[in-house]
Structures are given as structure tokens and as C-alpha cells.
Amino acid sequence: MTAQPAAIAGGDGTGVSVAAIRAFIGKRRRRSWLDWYAAGFAAVIAALYLADLLSSPLSRLSAAGHTPTQEAATQAVAGSGLVIAAAAGLLLLALALGPLALSPADASWLLLSPLDRRAVLRRAALTAAVLAAAAGALLGVLGLTMAGPYLAPRSASLSSSWLALAAVAGAGLFLAAVAAEALAQPTEHRRRLARGCAAGVAVVALAGAVLGERSTAVSHAITAGFAGLSTSAFTTAAVVALVLAAVAAILTWRLLARFPAAVLRTDSARAGRALTAAAFLNVPLLAWIAEDDHWRGRLLSSRHWPKLPTAMVLAWADWRRLGRRPATLAVLAVSTVAPALLGAATTGRARGFIIAAALLAGALAAGTQGTTATKRDLNDPGLHRMFGVDTGTALTARAVLPALLATAWLTVALIVLAALGVLPGWRWPLLGLAAGPALAAVALRMARTAPINPAEPGIDTPLGTYYPWMITRIISIVFGLIAIYPALRAVHAGHVHGATFIAQIVFSAVVLGGYLMVAGRQQV
Amino acid sequence: MEYGSVVVLDGIDLTVAAAEIVAVTGVNGAGKSTLLSCLAGLRRPAAGTVSVLGGPPRDTAGFWRDVALVADQPTWYPGLTVRELLDLVRMTHEPVRGWCLPADRLIEVFGLAERADASPLSLSSGQRQRLSLAAALARPSRLLLLDEPEQSLDEGFRRELAALLREEYAGSGGTVIMATHDHDFAGAAGAREVRLADGGIVAEGSMTGQNP
């Protein structure tokens, strides 16, 4: 296809700079003092939360030089694994957002223009670099704190110099990794490779943490490695990390000039939607973005609807969706080790709470993977009405998958907890079988709750303003706590006996049966 | 042009002359937008060659100086007014050489005078579509790619837009290729119709006599 040049003057010439364009836009951005106040307040709150989050791990550094206990070894191994897995998780998040992305408005008006592409992308690249360096420094420090009791030799000034070097090494490595992702961003197969690498690192880190926990030889090898660390080793790591970061940054900088507009348009639009949704806690929109990103461009083989009772056919959509997303099942399977690792990485009174909370959150997350169609039908009950199934029967059919998912996840997580010795005894998995079905009711309730609407007006009370969506979410959590209270109480206490099973079976029957009976009377 | 294993366009052979207006028509999913994406260089065909303004579409400053694309609904800068946005578009293409319309004229022609100092976010969907199209004419270009420009536009303004494209843009030597479902609009613009079906061109012909 050809189009002959038209008789219009054109051609390249040096135009206005991107800095001048940004100044033009910036001068007209009408920000009130309230915007600045909100930004400042958010920054202060974030700093406070960060300080609180770091205070506990940093206190482990004061243990350097003390005689380490077996528990400390477990914490060091599990904690290190979790830090590496967190780093891999952040890399996956960065990849999902770009990592190079413009604001949607910039992508609309500055991208497909004669402006210098590198200059247009400079701000986005610097932002990504600063965020990557900050996250890397934080992860480096957290990684160091995990090895706290094993650090040697010790001196009064050791912690600060090692902390600085660990922060530099972490920042350099993470920056290099994010820059590598930016280099992979324009090509789909490289992007898949980067995604696979990050996921692989996460899996290996979690597996290493579990292995180190179970195998004395491995944990001793790891902790001996910590003990052998010296200032020169840290310095070398920091220098290597900085060199890697510099090389990756230079390559990325060179790529910016010819970064493809098509990729940026798609990624910027997705990142913009995702960040807006995250800023307004719009979980349904985030879920939609994830679904859209997953299914877009995929070819699915159509199947006939199964010959099952009508209500089960209605519920079958969720089974089919899950069958088409084996990665979700794989992630759920891998995540069953999380409660054990969190339990191994913590001590004291908080330990039981953390394990119980991780079990509740994980099992609920597993259960909600089977309620997508229920959520959809809340907004559009057309399919439900077309089938002519009453709400109670439909809800019962739809409870089967979340019940199976929650039960399976909970049981496997408890098997891992028992196998790793985090929870003593062998009867724990049976508790998972008893408790799982109750969580199906909670997952269904969550799916049938109206989506979060940030624009919804709050309810003023003497104790402050409450938002209906916030209250419904809190009720769901409380419902979950009640549903498996006997199991959570046993996990928190660290021992399980016969009465616990009976109590949990009764709770499950009452919660699930009661929910299906009450909710089944409501119209969709 | 393929999406995975699905072939969307196959055996397309099309030549567009300078100052010509071409309306690509066809049912939903026929490949109209995909064809425009290929011409803009945003998608690469699996086989064959695409030549735009004498060379393959390249994602370069020179290419985007010559080619204007109005496709998806854009995102607006919250702080900029209608007039400021048009000024911004013009700024991004400085030094301005070639046919384009100044912001004041665009605001008048596109019926945005009463909303010239309003934020695009406060406009109706039809007014936003007018602004998107106005922005494409606020800067010089030699090829204008429009994906369903008639969307949300009222009947009367469609005719005015068609006349503007025919008499002023194409009259100044610019080429327009647009995907459209509106035969009357395309006819009023004096476009040559290229109808797509089953991944290929099934018909070509003048639409000038339809409803000018």
C-alpha cells in the first residue's frame, strides 16, 4: 500500500523542547493547597508505616554478636527466602506496570509526535529508577537484618557501614533487574522470559526457605555463609551491583530514543488504569484489568455446555475459567508454604496470630478464585434468569468450587505447617477438611457484596466517618473469623484435640448451611 | 496481518494517492482498525510490505510529523482547557510548516466556542470527539488516519467535518484514510470506498454521489 508524498511542506526541524512542553502543562496544573496537604499527609503516613515496618527487622541487627539459637537459624533462612521472594514479586509487579510507562495523557498527546522520544520518556525512566533504587535499598537492608545474629566480626560501627553497603548492593541489583525488564519490555517473548525468570526466582526462594528450614545441613550452610560475610564481601557485592546497574541503565537509556510507541501506548493505558484503581481502592477495576490483560488476544477453544443439572451448568463457568488458568492453581499451590514460612520467620506472641491470619487470608483467596461468575451475575443477572434456577439452588451449586478450593488450600497449608514442625502433631490436616467448607460461605458473601465505590458518601458518626463498602468488607472478615474460629484458635494455641474437630464441623455446618439458607432467599 | 493464529487481513493491495480521501468500510471485525494500525506502524504485518509517504512506517519523529492518528479516545490533561490543549498540540509540532488551522479557527469550526475555556473532562462525549479531531488539524500533517471519526457526532457536524476534510485538508494536498461505518459521511467527504470482508478487499469505488 502506498501513498504518494503530498505537496505540503514538511520535514524535520528542531522544534520545541520537551522541557518547555512540560513547563507549559505544569504551569496550568491547577493545584490547590488541599492537594499539597493530601500529598504531604500521605507521605508522612507512609513514612510512619515504613518506620514501624522496619523497626522489628532492624532490631535483629542488635542481636549480631550474640550466640544464635536454632530458632534464629530458622528465622534467618525463612526470612531471607521471603525477602528474595518479595523482590521477585515486586519485579513481577513492575513488569505488569511496564516498567516504563507514561501518564495516559502524555501517551495520548506527546508520544505520537515529533518530540524526542528519549526526552519524553526521561521523566518516566527516572521515576522508575528512583523507585527501583529505593525498593532495592529497602530489600537489601531487610535481607541483611535477616542474617542479624550471624553477622561477624562485630564492632560498634559494623551495623551502619554494613547497612549502607547492603542498601547500595540492593539498590544496584534491583535497579539492574528493573532496567533489564525495561529492555525486555518492547518484545513480547522477552517479556514472557523476564516474567518467567522473576516467577522462577520467587519459587526457588520459597523452596530454598522451606528446604533450609527442614534440612539442618542446608540451614547450616546458609547461616555459615552469613557468618563468613565480611566488609570486603559487602563492598564487592555493592561494586558489582553498581556496575550491573550502570550497564543496564546505559543500555536502557540508549533504548529510550527508539522505544516503540505501540508498546508504550498499551502499557501506559494499563498502568494508568491500574494505578487509578489502586489509588481509589477500586478492587473490581483492578480485577477487571488483570482479567482483561490475561484474556486479551487469547484464542480459546469453545466447548459445549455440559449435560449437568441446570444449577451446576450455571456454576460450571467458574470451573471452566479455573481450568483455563492453570497458573492460578499453580500460584495457589505454591502459596500454601507461606503460612509455614511466616511462622518460621517470627517468634513470640505474634507468631500464632500471624500463622492464623495467613491461613485465613490464603484460604479465602483460594475460595474467591471460584466465585468470579457469582460476582459477574450480581451486576448482570441475565444468565441466571435465563436458566430459571432459583437463587438458593444456584448458590448451593456455586458453593461447591469455592468450598473445594478453600478446603484443599487450607488442608495443604496445614500439612506443610505440620511437616515443617511449625505446628506440632499430625492431626492438623483433618482440621483443614473440617474448616474449609465454611469459608465457601465467606467467599460467596464477598463475591455478592457490592463493589467498592470510592465516590460513595460516608456515614458520619461521633467516632468518625464510615463508608458502607468499608463496613461490608469488615463484616466479611469477621464472618471469616467466626466461620473457622475453632481452627484459628487451635492454630494460635499450637495444639489441636478432638473437641476442636467437633466444634469446627458444627461451625462449618451452621455457617455454610445458614448462609445458603438466608442468602438463597434473596433475589439476585 | 495476524493476531496469534488468526489472520485478520490477507492479500490487501491498495494504493492511495496524495490528496485523496479513502473510506475503509466493512462489518465489525473486518480489520478496518487493524489496517489503520498497520499504516501508523503500530502493528507490523506478518508478511508483505507497507509503504506510507514513500517508505515503510517508522516510529520516528519525522514519521509522526507527517502522520496524524485519531483512534482511541484520548486521556486529557486535567489542568488544560480546550484552547490550551490545541495550543499544546501545535507546540509539540513546532516549527509549524504546512497546512493546519489555528486554535481560534478550530474552536469556531468545531463548535467549541462556548467551551473553549473549559476542561475537556467537562465536555460531552460528542464534544470530546470534536476536540480529538480538532487536535489532529491543529498541527500540520500529510496523512490523516481516522478510526471511526463519526462516532458521537451529530448529523449536521458530520457534514461540516466531511466538507472540511474534502475542501481544506485534502484540498491542501493532505491524504485521509478513515475507517467508517457512515456511508453518507464518507460520501460527503468525496471518499473512495474500500470495503473489507473476510480479511480482504471485496469492493472499491467512489462514494461521492451518495449523499453529499
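**Entry 1: a covered helix in chain B**

I began with H1(B), which is mostly covered: seven of its eight residues are buried. For me, "buried" means 20 or more other C-beta atoms within 10 Å of a residue's own, "exposed" means 12 or fewer, and "partly exposed" is in between, with C-beta atoms placed from the backbone. Helices (H or I, at least four residues) and strands (E, at least two) are DSSP runs, numbered from the N terminus. The buried residues of H1(B) are B:Lys32, B:Thr34, B:Leu35, B:Leu36, B:Ser37, B:Cys38 and B:Leu39.

Two notes on the file before going on. This is a predicted model, where local features need pLDDT of at least 70, side-chain atom pairs count only at pLDDT 80 or more, and totals for chains, interfaces and linings use all residues. Residues are numbered from 1 along each chain as its sequence is written, while chains are lettered from A and ligands numbered from 1 in the order in which they are written.

What covers the buried residues of H1(B)? I found that the cover includes E4, strand E6 (143-147), strand E7 (175-179) and strand E8 (192-197) of chain B. H1(B) lies across these four strands and runs at about 145 degrees to E7(B). After H1(B) comes B:Gly41, with a positive phi near 80 degrees.

**Entry 2: the sheet**

Next I traced the strands. They form an open sheet of six, in the order E5-E6-E7-E4-E8-E9 (chain B), with mixed pairing. Two strands pair if DSSP finds at least two bridges between them. Strand E5 (67-70) and strand E9 (200-206) of chain B are the edges, each pairing on one side only. From one strand to the next, the twist averages 15 degrees.

I then took one pair. E4(B) and E8(B) run parallel, over four bridges. B:Ala23 has B:Glu193 in E8(B) as its bridge partner. Strands of a sheet pair through backbone hydrogen bonds, either parallel or antiparallel.

B:Ala19 has a phi of about 65 degrees and sits in the loop between strand E3 (15-16) and strand E4 (21-25) of chain B. B:Leu53 has a phi near 55 degrees and lies in the loop between helix H1 (32-39) and helix H2 (61-66) of chain B.

Is B:Leu53 buried or exposed? B:Leu53 counts as buried because it has 20 C-beta neighbours inside 10 Å. B:Ala19 has 19 other C-beta atoms within 10 Å, so it is partly exposed.

I also found cis peptide bonds. One runs from A:Gly98 to A:Pro99, with omega near 5 degrees. A:Pro99 is in the loop between helix H3 (70-97) and helix H4 (104-109) of chain A. Another joins B:Glu94 and B:Pro95, with omega about 0 degrees.

**Entry 3: chain A**

Chain A has 22 helices and three strands. Of its 524 residues, 40% count as buried. Its mean pLDDT (the predictor's confidence in each residue, from 0 to 100) is 83, and 86% of its residues reach 70 or more. Over residues 1-13 the pLDDT is below 50.

I picked two packed helices. The axes of helix H5 (residues 117-146) and helix H9 (residues 231-256) of chain A come within 9 Å and cross at roughly 150 degrees. Axes are lines fitted to C-alpha atoms, for helices over the stretch in contact, and angles run from 0 to 180 degrees between N-to-C directions. Residues are in contact if their C-beta atoms, placed from the backbone, lie within 7 Å. In H5(A), A:Arg117, A:Arg118, A:Leu121, A:Ala125 and A:Ala129 meet A:Ala249, A:Thr252 and A:Leu256 in H9(A).

**Entry 4: buried spots in chain A**

A:Gly170 lies in helix H6 of chain A. Why do I call A:Gly170 buried? A:Gly170 counts as buried because it has 27 C-beta neighbours inside 10 Å. Beyond four places in sequence, A:Gly170 touches A:Gly136, A:Ala137, A:Leu139, A:Gly140, A:Val141 and A:Gly143.

Helix H14 (residues 338-345) of chain A is mostly covered, with six of its eight residues buried. A:Leu341 is one of them. Leaving aside neighbours within four places in sequence, the contacts of A:Leu341 include A:Ala78, A:Leu82 and A:Val210.

Key:
Contact = placed C-beta atoms within 7 Å.
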